[in-house]
Amino acid sequence: MDEVAAVAGQLLSSSEAEWAGVTADILAQTQQVPAISKVNGKYICARCGGVVPTSSQRLPSGVVYCGACIALGRISSDMMLWQFPQPHYAPAALQMSWHGQLTPQQVSVADELIATYQTGGERLLWAVTGAGKTEMLFPLLEQALAAGTRVAIVSPRIDVILELAPRIAAAFADVPLAVRYGGSGPQAVGQLLLATVHQLLRFKKTFGLIIVDEVDAFPYAADPVLERAVRSASCGARIFLTATPSASLLARSKRGQLAISYLPRRFHGFPLPLPQVIVDASVTKLSARARGIISRVIRQCARTLIFVPAVEQLRPLQLALAKLNITAETVYSAEPLRKERVQRLRQGEVNVLISTTILERGVTFPNCGVIVLQADAPLFATSALVQMAGRAGRAKEHPADPVYFLCRNYNLAIAGALRQIKQMNRRRA
Ligand SMILES: [Zn+2]
């Protein structure tokens, strides 16, 4: 890929362009726009489209900067950004390297996704955990990539991106895949991008197909900047995927503003494991009952995920388990070794992983029991509980892995999760 193709469609600062290796010759032919411009008395950020509150986001020199997209590097009113032209990819025969078989239900969803891609517009795919969302995307991706369309698959969650990367790369071995998240800079991006949502802020009207996986996950749901990022990077169809759509997404669909595909059935056809709720008054340490449940699940399953609401609970629980001769590792969002530890669970080098909600979605491990401690914690909304429970029973050889919710009080979020799971199981036939 030459340096122009690598930055095509992107809006970059001079230092980003330099980092990406763009030469002065190319810059001389590239359009520039003010990073922040004054429109009707308001300062608007060219990158994220946000209004800059000038009272708080002003540097000592008097220039204003945008705080909303500062995670990508600070841009201010004294800067210009380079707007690189859109790339062109010619249609080309494409050999998909995935040769799996979709179920008839998956095929009809895949067809609906393709229809939305062809006509443009937006569609929500509401599919239960373990429905095989990623595989359902493959026929769509094959068609779009072969047509020369530029495709972005994005998610609010880094862990979802890390999980998807090897699967997408394996299915489309012929198409170079750029993976960007967190602090990764504006390195080469070709026809296919896999990234966290906020990386889209660097692209304007670039992607003919954008797929947003786990669309309801924090922080996409709470951050209007990310929603704008998806819209402004798009020049075609947008597809949203989730097992637990937010009330606002469902309301848009009810109003007829968002087409919806619904798949209440796991790919293997077995029902979702129904969590067993254990009301247990002890909170300060693991009760005998909790210890019994944990030991039983660990004996029964090749892997066990134990969820806790707070980072501070990881280490004490790990020590408590060590006293029972149970070796467990821990992960949370800022853990530098999280990728390696998840990988160790996958490969069976460790059997028990204690996690915050970062692993509630997007990850698949065969034969995995799930225990949620303090399931009645305010942080655990119904969607989080459904997602955590959805880590169990995903392999067709082990469809009925156990799921336990331990709580002091049976609350509305827990009741909502059980209701939703039962409802999906009834509709799956
Ligand atoms: Zn901004």
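In strand 9, Ala195 is the bridge partner of Arg180. The model is predicted. It divides into domain 1 (3-83), domain 2 (104-263) and domain 3 (276-428). The C-alpha centres of domain 1 and domain 3 are 43 Å apart.

**Strands 8 and 9**

- Strand 8 and strand 9 run parallel and are joined by 4 bridges.
- Strand 8 has two faces: Ala178 and Arg180 are on the covered one, while Leu177 and Val179 are on the uncovered one.

**Helix 6**

- Helix 6 covers residues 158-171, 14 residues in total.
- From its first C-alpha to its last, helix 6 reaches 20 Å, close to the 20 Å expected at 1.5 Å a residue.
- Helix 6 has a kink of about 30° at Leu164.
- The buried residues of helix 6 are Asp159, Val160, Ile161, Glu163, Leu164, Ala165, Ile168 and Ala171.
- Those buried residues pack against two helices, helix 5 (133-146) and helix 11 (338-346). They also pack against strand 7 (151-155), strand 8 (177-180), strand 9 (192-196) and strand 10 (207-213).

**Ser253**

- Ser253 sits in helix 8, residues 247-254.
- Its relative accessible area is 18%, so Ser253 counts as buried, the limit being under 20%.
- Leaving aside residues up to four places away in sequence, Ser253 touches Leu258 and Ile260.

- An open sheet is built from 6 strands in the order 13-18-17-14-16-15, with parallel pairing.
- Strand 13 (276-279) and strand 15 (328-331) are at the edges. Each has a single partner strand, so one side of each has no neighbour in the sheet.
- On average, neighbouring strands of this sheet are turned by 20° against each other, direction ignored.
- Within the sheet, strand 14 (residues 303-307) pairs with strand 17 (residues 368-372) in the parallel sense, over 5 bridges.
- Leu305 stands opposite Val370, which belongs to strand 17.

**Helices on the sheet**

- Helix 9 (residues 288-300) packs on the sheet. It touches strand 13, strand 14, strand 16 (352-355), strand 17 and strand 18 (403-407).
- The direction of helix 9 makes about 165° with that of strand 18.
- Helix 10 (residues 314-323) also packs on the sheet, where it touches strand 14, strand 15 and strand 16.
- The direction of helix 10 makes about 175° with that of strand 15.

Terms used. Residues numbered from 1 in each chain as written. Predicted model: local features only at pLDDT ≥ 70, side-chain atom pairs only at ≥ 80, totals over all residues. Heavy atoms only, no water. Domains from an automatic or database assignment. Expected span 1.5 Å × (residues − 1). Bend = angle between axes of the 7 residues up to and from the residue. Buried < 20%, exposed > 50% of the residue type's maximum accessible area, 1.4 Å probe, protein only. Contact = heavy atoms within 4.5 Å. Pairing = 2+ DSSP bridges. Axes fitted to C-alpha atoms, helices over the stretch in contact; angles between N-to-C directions.
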